[in-house]
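Subject: Structure handover

Hello,

Notes on what was found follow it.

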Amino acid sequence: MTVVIPLLACALGALLSILLALTPARRLPAPALGWLIAPAPALAFAALLALSPQVLAGETLTWRIAWMPTLGLNATLTLDGLSLLFGLLVSGIGALVTIYAGYYFSGHEGSSEARFFVFLTLFMTAMLGLVLAGDVITLFVFWEGTSLTSFLLVGYKFKDEAARQAAFRALFITGGGGIALLAGLVLLMVLSGSAEFGAILAQGTQLRAHWLYPVVVGLIALGAFTKSAQFPAHFWLPGAMSAPTPASAYLHSATMVKAGVYLLARLNPALGYTDLWFWLLSVVGLTTMLVGAYIGFKQNDLKALLAYSTVSQLGALIAMIGQDTEIAFKALTVSLTAHALYKSALFLVTGIVDHETGTRDLQQLGGLWRAMPFTFAVAGLAALSMAGLPPLFGFLAKETQLATITHPSVPPAASAIFTAIVVVAGALVLAQAGLIVLDGFLGAPRRKHHAHEAPTPMWMAPALPALGSLVIGLLPEPEWLATLLARAASAASGAKVKVSLALWTGINIPLVLSAVAVLAGSTLLWTRQRVRPQLAQATGNWQLEPIYRAVLRGIDGLAWLTTRVQNGQLRLYLAVMLVSLIVMVVGVGRLPLPALALPSLALNAGALLRLVLLALTTGAALASVLLRRDLFAILALAASGLSIAGLMLLEPAPDIALVQVVVEVLTAVVLVLVLTRLPASQRARAAEFTFRQSRFGLLRDALLALGTSAVVFVLVFNALSTRPRTSQLTPFFEQNAKPLTSANDIVGAIIIDFRGLDTLIEIAVFSAAGMAIYVLLRYASRKAGDREDEPAPRYALQRLCGVGDMCLSPMLRVLARFMLPLTMVLGVSHILLGHDQPGDGFTAGVIIALGVASWYVVYGYAETKRRLTWLKASVLIGVGLGIAVINGMIAAWVNGAFLSPVDFGRWLGISAFLPKGVYLSTATLYELAICLTVLGSAVLMLDTLGRPRDADTETEAQLAAIAQLRASGAVTLPEEPQAQQQGNKER
Amino acid sequence: MMDLLTALAISALFGVGVFQMLRRNLIRSAIGLAILSNAINLFLLAAGAYRGEVAAYANLAGQRSDALPQALVLTAIVISMGGFALILAMLYVLSVRYKTSDSDEVKGLRH
């Protein structure tokens, strides 16, 4: 339980900073924000300290919540030595950086910097979660969290093009590594059968013996190397220095870049102790160490210099993990701590220098010690530690590194080269540390600047870790720290590691090598004025940036290729899908062709009728292809659908036959409505293309259709001839329909009662479709230039004409007027009797909608709107859905189950007075609700699809007709059409 | 026997629907879609375990038809109607925005 407290403290800090950023509190001065938020990481630090005695005693604390228990997955946090060491660094330096950041931003006038604290605390939480994670999934989630939040921090100055590019680059590299890592971790999980580190680490022997072991190592190392900026993926780190300095100090010295180191150390007991591990980590790590130190020495920008020296040290840490000797793990933990202390101090000092002088360029700085003595003292201490000079902690780090690399276990062939690399890199890093002090703070100022000492809390932030470097070095044997480092080293090694922090261990090879490095470094430093320009010239400015850019260009090229392939021709897409379907079913599915032995053709009347209907529906569908006029094709479609209704009747399935009939008619009506809204010229052109297709195109389409048809035939025939002939579920419904729901209609009982919730969702979807159409067409008509919400155009001429300006006989108009009330009576009877007889709420709704549709067809849009003002689609939908939900809730209140049946009639004692087959129950109410919802949506569809555009309502010929009628005095118009026409033209 | 004929009819409907969907005329494509959903509904219905002599009513005696696929088909019919109307609305939007009902002229969709 307790392990979660530090993480919670950090998360609360993130929450607090978000709240601060969202409220007027964001206008607080930045230092105040810093002080307000810093207690959160400080609390995390304190909580970790409070937990440390248990960990130092050798315990591993675990906290676990079930996440997906069925898969055996938990979200786990563990705290052992390694996690504790990293956790203390993350939260401790985090608290310092938060306070520091407040002062760093205090000079920036104008914009509020609350945003920075949000990103910083979010990052802190992710980072702490990463090092506390007890299983690979949790670790990965937090790992990606650090990538994302660091993206935000690196790109913090988002108005700066370079910062945006650097942020993208960092995300691209670490995110790409993250994908590899995910694959590696999942493999690890599969191979070891557990997601938790405890179980994974116990399986080391089996893992190493598995043939997939190299793949796992490769993938995980890729993730770790990209995150920890190892060569050749190191180049994102210096670019990431475009982050505000507090973020750089935190992310790119103490925390995020060490995530890769942490991961490799964490998994070392399982994956380490092999030749592959040794060579991979040693070669990559040491190369990075040398390259980073070398490039770093050439830098003039303080931050870039520190960034490259960080790259170098990260390389050293990775190489240490690869050695797998006891001294190596001591070197790992000592170097890690020493580096975090001095590097964060130096970064923060750089921020101060930048803040006070406005530059970080070594060629412009100098002589700062007079103006900012405290900062100078801090920088001096930290630089001494970085240089690896006694009595600072950094000295011990370098000594142990040298001792590791000269350990007899290193193969003799590699030993000399490895040692040389570490010595050379050590000399170069010492020279870099010297550059900071000599060129930055000592000497004569090379440029006038009015620097003065930073506010006390600002220089105190780096002073604490810098002093830490000194105190640890001076103290004879800090027991607590030694135990902590020993625990951390043991966790990384898998075996017990002893750590003593004594600086003086007698004269031995590492000490001699160290002296050589110091001498070489000092010589470099002494001759820096000559050597550095020469180096810069000799090797030029070779970088990996061009390669990275080439890769990006390649990806862009692929994207271009995609747009070529995806040419936007919808028919092509469909064809590709169909061909894939055919290939998949034929090639992969290996469906057995069913035996086509024709059984006896015993045709009774029913079978014959069925046969005729099957032929009819197919024939009508075929006719819809061949008929040239779209209207006829639609009618053929309706005929095909109605034949299917006939087949349903033969099943016998009267309920769905009814629905099929009314829905088919509604479909046809809606299709016709859309057809009338498409301009005639468009339709003519499309029809021409359709029927003047090239022979080749026709053949291709026919082949596709035939192929699909054949595949479907095989599938369907297989399914039908092998289907079980007894039903598991139907007997239940048949037996319980009457007793449980008092319905004779079993289909209705399933729809309304047994699967009532499905039906609720279904009417919600149907009304969503109606509303989506409404939104789509309103949007479209706005695009087309129609005015929104304008009253429907009212012209005298339209009173006589229906849809598509077809003038209909008065007979039809009278019929339509009677039709609507008639459909309502029909609908009500369906609702009342639906439970016992064919028909239900859907049918009722669609039937009434058809009555309304007949009005649209006969009277035209405007007139229908004018007469049926009471028909408000949105109200119908709302009331319908409302009744459905309330009805379900009443049932829940009475019976304790949502949408369960309740017979109100019996309850009220009036069921005896009701006609036979009529109940007053929740089912009746539900049918009513379904009817209203379906009616509302259908009316919405009719209304939006049937609404003519202004441009369509009048043609020139019509206008002429109106003018003629007016002149003859036959019609008087309600308003001046000429003015309106003028308005239309202007739009 | 009936299974074979039903399968033939369903696959024929499917083929016709696919052919219609491959037309350039978007109205024809919409008709094709409607035919496809009819074919699928027919298949769902035919997949019922057994055929009855009387409809699935509790008060009717004799072998009742299988009620379960009927309930599924009922839902499917209504939902496919909703989806179909939505497709038609899109077709209209295309006609307004691209001034065409020819699917080959509607290429701006990939942007």
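In chain B, helix 2 has the highest confidence, with a mean of 92, and helix 3 of chain B the lowest, at 89; the score is pLDDT, the predictor's confidence in each residue, from 0 to 100. Helices here are DSSP runs of H or I with at least four residues, strands are runs of E with at least two, and both are numbered from the N terminus.

This is a predicted model, in which local features need pLDDT of at least 70 and side-chain atom pairs count only at pLDDT 80 or more, while totals for chains, interfaces and linings use all residues. Residues are numbered from 1 along each chain as its sequence is written, chains are lettered from A and ligands numbered from 1 in the order in which they are written, and side-chain values use heavy atoms, with hydrogens and water left out.

Confidence by chain

Chain B has a mean pLDDT of 87, with 95% of its residues at 70 or more. For chain A the average is 83, and 90% of the residues score at least 70. Residues 787-792 of chain A fall below 50, and this stretch has eight contacts in the model beyond near neighbours in sequence; contact means heavy atoms within 4.5 Å. Residues 975-987 of chain A also stay under 50, with 14 contacts beyond four places in sequence.

The interface

Chain A puts 114 residues into the contact and chain B puts in 84. About 9000 Å² is buried between the two chains, 72% of it from carbon and sulfur atoms; buried area is the accessible area (1.4 Å probe) that two parts lose on being put together, summed over both. On the chain B side, B:Leu22, B:Tyr57 and B:Tyr92 lose the most area to chain A, together 8% of what that side buries.

The rule finds five salt bridges across the interface, a salt bridge being a side-chain nitrogen of Lys or Arg within 4 Å of a carboxyl oxygen of Asp or Glu. One pairs B:Asp3 with A:Arg723, at 3.4 Å from N to O.

Helix 1 (2-21), helix 2 (26-46) and helix 3 (67-98) of chain B each supply at least two residues of the side that touches chain A. Helix 3 of chain B gives the largest share, 23 residues.

Within chain A

The domains are domain 1 (4-526), domain 2 (567-593 + 604-722) and domain 3 (744-953), with bounds from an automatic or database domain assignment. The centres of domain 1 and domain 3 of chain A, taken over C-alpha atoms, are separated by 67 Å.

Over all chains the salt bridge count is 15. In chain A, A:Arg64 forms one with A:Glu196, where the closest N and O atoms are 2.7 Å apart. A:Arg64 is in strand 1 (residues 61-68) of chain A and A:Glu196 in the loop between helix 7 (161-192) and helix 8 (197-202), so the pair ties together parts 132 residues apart in sequence.

- A:Phe231 and A:Pro232 are joined by a cis peptide bond with omega about 5°; A:Pro232 lies in the loop between helix 10 (213-227) and helix 11 (236-239) of chain A.
- The peptide bond from A:Glu651 to A:Pro652 is cis, omega being near 0°.
- A:Asp324, not a glycine, has a positive phi of about 55°.

Regards
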